[in-house]
Amino acid sequence: VVSLLVPSRGDDVRLTAAGFRMPTVEAGALALPLLWLLLSAPKVGAQITPADTMGMNYPGWESADQVAPRITVETSYDSVSGLWTYRYTIANDASARQAIWSIDFGLDPLAAPSRPLTAAAPPGWKALVYPYSQAALLPGATFFALYADDSLGPASGPPPARIPPGQSLSGFVVTSPYPPGYARSYVQGYVQLPAPPEDRDPIPPNDTTNSQRGLTIFPNQYIITPSVAPTDASAAAGARGLLRTMIPSPSGKGVRGMTLRGSVPIAVTFAAPKGKVQRATFRATLNGVEVTRAFHPAQSGGADFAAVFRRGTSPLVAGQNRLVATVEGVDPRTGRSTIDTSELRFTVRP
Amino acid sequence: MSRTVRAVALSVAAVPFVFMACGDQNEVTAPAPNVANGVPPEVIRAVAEGGGGDGHVLFLKQINPKTGAVVSGKAQFVPIASVADSTRPTSARGAAATAQMQPADNPNPYVTVAPSGLHLPRTYRLPQRDSATRNSLNTFCYYNGQWHQMTDFNVDSLTIGAVVNTGGHEDAGHTAAKPKGRTNRASGRSDALGEWPFTYYADSTAGDDDLLFYYTIYDTDEPAFCRGPQPPGAPYVFAKRWPELIRIEAQAGLAYGSITSAHFDIFYATPFTAALLPYVVELYQENYPGGIVRLTAGSLIYGGLNDYLNTWRRPHNRHRVGTDVDLNAAPGGGGAERLEAIRRTCVRSGFVHAVLEPPDHVHCYHFVGYTGG
């Protein structure tokens, strides 16, 4: 259920009861382009989690989950174009038993970035995008390696640009006006399957189960609704209702009870009616260190500001972290000027 | 011992049932369809619709196997003029059906039987055995304004004929005769209640089956007209169908492939599956602007075995229940890249599964848990 989000100053987004987004121009998008080197490793090292292969058992069949992916994301924001660029490097740990041949990113539809959503792939790979629309049950993006001979397909052998164990490949790029959040990742190994027996019509498992799964950074439309947030521990609301902070999950809502790895995206939204919040007074600290400048206007999403923090290049630490955001405005209940504070505590795995 | 039921006078509440006597067009008032007199209304109606003269009626009932209650019934009237005609009515409705082409199926079948493997909503699994229908046969005789229900008769033979060119199959292009259903008995005496129960097993190939009964009446206290060997009843039509499939509508960005097998139309699907295809097209064109998705196969009009090799056998086994479609890219199929793009687009747009079936198409389906069969 999506309830009405009254636009705050800046008018980034309006969520109607029907769930349609009506983005408007963000007035304060003047930040210089910044670059974060972000690391999100949904599956680190040699650990391979068996996929749900739904009882596939005909002779020669092999699941496509025997890869050990490590996804590195580099994001940058261009305040002129208002676009975020996500550059991915996909590594396949030496412990993998298969070469990586496809990477999928998927979000819940309401969290998915709308158009424009573009993607580019390195040579030998193909990129597909599935922006938010009624047609996309699982929006996101896909990259897959191409066969050497397009007309022969699998008969021409494994895709030459696949990523063998122990190697990595860069050049996977996604561009969107939507700020970073979490998306699910599905990484598949290449398997040359024999034809099934003639008396069988086996159904292979869905790509989202026959793969190594994890979370990684991807454009995300945060879904933050006043009706949900005050009682939702995943989104830390300010005491006076002027703002709230959250770590956006693939569903677009806040991550709850999850120990995070790698990069941590944080979204801030002003929940008070337009004119009640002085956006210029927004401040944020992470573990006591000023990080206000790390936040960028989220032009088209459900949040007003978004930032991504990474250990080593930010105050983010392993273990417990504490983000405190403040903003000045008018308390909608008393009509008096006030400073509202939202505090977000979360844990990052070493 | 027979039970004679007299045609009763019209009750005050009964609506006169009027039928046209065959030949002279005189109006004759028939017995009211009053169940209380023991004659099922379907039987009375069959006589009326058959001309109202003397004759025999075969009454076939479908029985709920759990409760024993009659689910439905259909009566076949054989007028007196036909008594002398012992020529077996053939299953040659197919001759007319050939001209009629798709669909040739009987619009008003006696029983709709889901063919083998079509119990998707209940089990999410295609059963291995054919669907069964429990039935019971009664015989009636209408003579000189009186109804007689026969309680002692013998079914001399029950034969089944597959009606050609039904179920979307063009029989002439197949390598063998169309599979037909079967029954658990082909002859035998009625029981003490004048019932002749039998079970019909539908084949997994959709279409119509004719059931033809030759029988002999042994009731000794019935008029001579009613006794003795009888002409065969007109064929009962058992339709083997998976209902509620709709034709996938042509739309921008979706082209039909050519039908190369001996079938009239192979582009049927459940409403859910059909509704997914515009989404596939939209997402495909998001990445290939102006690209055309080509539908090369769905299900037959009434589902069931979709034998694209025209052998009444597998492969192509899953295209039975309207949940599966085959897609590729137009023109020319698209090559491996576009096929893989379509495969992934199917999954993104709502199909549960999609698999590349080299060399020329992608199989998309939303059927969960199906284990083949």
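**Where the chains meet, and one lysine**

Analyst: Happy to! Chain A and chain B bury about 2,900 Å² between them, with carbon and sulfur atoms giving 52% of that area. Keep in mind that this is a predicted model. On the residue level, chain A brings 39 residues to the contact and chain B brings 32 residues.

Polar contacts across the interface of chain A and chain B come to 18 residue pairs. On the side of chain A that touches chain B, the elements giving two or more residues are strand S4 (100-106), strand S6 (125-130) and strand S7 (140-145). By class, that side of chain A has 22 nonpolar, 9 polar and 8 charged residues.

Now for the lysine. Lys178(B) sits in the loop between strand S9 (153-162) and strand S10 (182-183) of chain B. Lys178(B) counts as buried because its relative accessible area is 9%, under the 20% cut-off. Beyond its neighbours within four places in sequence, Lys178(B) is in contact with residues including Ala162(B), His169(B), Asp171(B), Asp208(B) and Trp312(B). Ala206(B) is also among these contacts, and its backbone oxygen lies 3.3 Å from a polar atom of the Lys178(B) side chain. As for Asp203(B), 25 residues from Lys178(B) along the chain, the C-alpha atoms of the two are 9.9 Å apart.

How values were computed
Residues are numbered from 1 along each chain as its sequence is written. Chains are lettered from A and ligands numbered from 1 in the order in which they are written. This is a predicted model: local features need pLDDT of at least 70, side-chain atom pairs count only at pLDDT 80 or more; totals for chains, interfaces and linings use all residues. Side-chain values use heavy atoms; hydrogens and water are left out. Contact means heavy atoms within 4.5 Å. Buried area is the accessible area (1.4 Å probe) that two parts lose on being put together, summed over both. A polar contact is a pair of N or O atoms within 3.5 Å; within protein, one must be able to donate a hydrogen and the other to accept it, and residues adjacent in sequence count only if both atoms are side-chain atoms. Helices (H or I, at least four residues) and strands (E, at least two) are DSSP runs, numbered from the N terminus. Ala, Val, Leu, Ile, Met, Phe, Trp, Tyr, Cys and Pro count as nonpolar, Asp, Glu, Lys and Arg as charged, and the others, Gly among them, as polar. Buried means under 20% relative accessible area, exposed over 50%, partly exposed in between (1.4 Å probe, protein chains only).
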